[in-house]
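Subject: Structure handover

Hello,

Please find the structure below, with the sequence. My notes on what was found in it follow.

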Amino acid sequence: MATANHKRKICIVTSTRADWGLLSGVAKALNDSESVELQIIATNMHLDPRFGMTVNEILDDGFTVNERVEMPAASDSPADTAVATAKCLEGMARAFQRLKPDILVILGDRYEMLAVATAATIMRIPIAHISGGEISEGAFDDSIRHALTKLSTLHFTATNAYRNRVISMGEDPANVFYTGALGVYNVINEPVLTKAELDSFVGIDINPSALLVTFHPATLDPVPVKERIGALLEALDWFKTSNVIFTYPNNDPQGEVIIREINDYAQKNPHRVAVVPSLGRTRYISMLHYVAAVVGNSSSGIVEVPSMHIPTVDIGIRQKGRIAAPSVIHCDSATEAIHAAISFALSPAAKRIALFSSNPYARPDTVKLITDRLIETDLSRIATKRFVDPYPILDIPMTADNTIDPAELQAD
């Protein structure tokens with residue numbers, strides 16, 4: 001714990017509208033603590049005008065942004081994304097050098113967080129990671145998430161199964177906490193705007209069959225993203241009575257392709273389609289009170305939306321492997337499959353399932369569970385990270401060609 005003479009410097013790094021929406025409750029609780037000096041570093045999409053310059057949302061929430069780490073990219077190609085990540089690492093090292101945090105808080109699985117965690121590890125700043133142990137097989141985020149787990153010392157997982165997975169990776173069970181998902185906590189506790197306010201903001205009527213759509217590149221998908229978003233847009237053409245609100249994808253490789261396609265689609269359908277770079281936390285959560293279903297491949301549709309008791313259509317491989325409530329309708333990326341899934345999502349049967357579904361990510365005390373551990377953990381205890389092997393180590397001799405001799409596996 002922090003002493004009377006030293007407030008614990010807890011630094012939150014946030015890079016997108018999505019992770020700030022999740023982290024804002026933790027930030028408020030830490031900021032309200034007399035034993036904490038809260039630090040906030042904003043990077044990546046927060047500082048990009050194309051995505052709404054969402055650093056302003058942090059400021060509008062009443063927080064100080066202590067450092068801004070730019071990571072400009074020449075394009076959204078994989079190579080330029082990697083170069084931007086290198087710039088982020090350099091900027092984070094300088095920011096940490098100035099702020100000297102006692103502990104760092106990061107969330108999720110994005111590539112820039114790998115740069116953040118690398119700088120912190122080299123500079124011997126302990127890391128607390130939120131949302132480890134999850135699976136999303138269709139994106140390179142999956143590997144990055146597990147890498148972040150191995151670079152972190154404190155872990156806050158959204159389900160008990162995810163806690164067990166983190167422990168299976170050699171993390172100390174004493175440092176792995178099942179807290180539930182922050183997004184669910186926010187959905188339940190965030191104030192709700194009126195439908196009229198949201199209609200005015202997006203510029204179309206959020207009618208009873210409206211769909212909220214967010215579609216990201218599935219970065220491990222062998223099929224071009226233009227073909228994937230094209231199939232979704234073709235499926236949406238079947239639902240002429242459903243108004244559609246798109247939000248921008250993240251700035252993953254090939255994200256610009258999706259942005260161009262959805263903007264073109266909105267121009268062709270101005271009376272029923274709106275595109276918003278960022279709704280922000282309050283508007284996004286409020287929107288869930290009025291739309292009929294959420295469509296796309298965002299983790300929010302799986303983690304948070306079930307608590308609003310509306311269906312989610314989860315398209316393709318991006319979120320493959322995540323635990324999901326019965327209200328989540330999985331489909332492949334073909335137009336016919338998407339059409340069938342949305343049709344079911346709008347049916348009375350799907351609405352009944354969503355109404356009575358429980359959310360596996362829900363816990364009522366998520367923010368307190370996380371903030372208590374951040375404030376109270378003895379940092380000297382976690383200064384040296386150790387690997388806790390969950391299985392007995394077998395000393396099995398190898399043959400000359402580096403394979404296991406089957407005879408060695410036979411019981412005595």
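The largest nonpolar core has 33 residues, of which Leu232, Leu236 and Phe246 touch the most other members. A nonpolar core here is a set of buried Ala, Val, Leu, Ile, Met, Phe, Trp, Tyr and Cys residues joined through side-chain atoms within 4.5 Å. Buried means under 20% relative accessible area, exposed over 50%, and partly exposed in between, with a 1.4 Å probe and protein chains only. At least two residues of this core come from each of strand S8 (211–214), helix H9 (225–236), strand S9 (244–247), helix H10 (255–268), strand S11 (293–296), strand S12 (312–315), strand S13 (328–331) and helix H13 (335–345). Helices (H or I, at least four residues) and strands (E, at least two) are DSSP runs, numbered from the N terminus. H9 gives the most, with seven residues.

This is a predicted model, in which local features need pLDDT of at least 70 and side-chain atom pairs count only at pLDDT 80 or more, while totals for chains, interfaces and linings use all residues. Residues are numbered from 1 along each chain as its sequence is written, and side-chain values use heavy atoms, with hydrogens and water left out.

Leaving aside residues up to four places away in sequence, Leu236 touches Leu211, Val244, Phe246, Tyr265, Arg272 and Ile342; contact means heavy atoms within 4.5 Å. There is also a second, separate core of 31 residues, which includes Ile12, Leu23, Val36 and Ile130.

Around S8, Leu211 and Val213 on one side and Leu212 and Thr214 on the other are all buried, which covers both faces of the strand. S8 pairs with S9 in the parallel sense over four bridges; two strands pair if DSSP finds at least two bridges between them. Thr214 has Thr247 as its bridge partner in S9.

Next, the seven-stranded sheet. This open sheet has the order S3-S2-S1-S4-S5-S6-S7, with parallel pairing. Strand S3 (67–69) and strand S7 (176–178) are at the edges with a single partner strand each, so one side of each has no neighbour in the sheet. From one strand to the next the twist averages 20 degrees. Axes are lines fitted to C-alpha atoms, for helices over the stretch in contact, and angles run from 0 to 180 degrees between N-to-C directions.

Strands S1 (residues 8–14) and S4 (residues 103–107) run parallel and are joined by three bridges. Val105 in S4 is the bridge partner of Ile12. Helix H1 (residues 17–31) lies across S1, strand S2 (36–43), S4 and strand S5 (127–130), at about 165 degrees to S1. Helix H15 (residues 366–376) packs on the sheet as well, touching S1, S2, S4, S5, strand S6 (154–157) and S7, and its direction makes about 135 degrees with that of S1.

On the rings, Phe, Tyr and Trp (its six-membered ring) pair if their centres lie within 6.5 Å; planes under 30 degrees apart count as stacked, over 60 as edge-to-face and the rest as tilted. The count comes to five aromatic pairs. In one of them, Tyr162 and Tyr361 have ring centres 6.0 Å apart and planes at 40 degrees, so the pair is tilted. Both residues are buried. Phe246 and Tyr265 form an edge-to-face pair, 6.2 Å centre to centre with 85 degrees between the planes. Phe246 is buried at a relative accessible area of 2%, and Tyr265 counts as buried at 6%.

Regards
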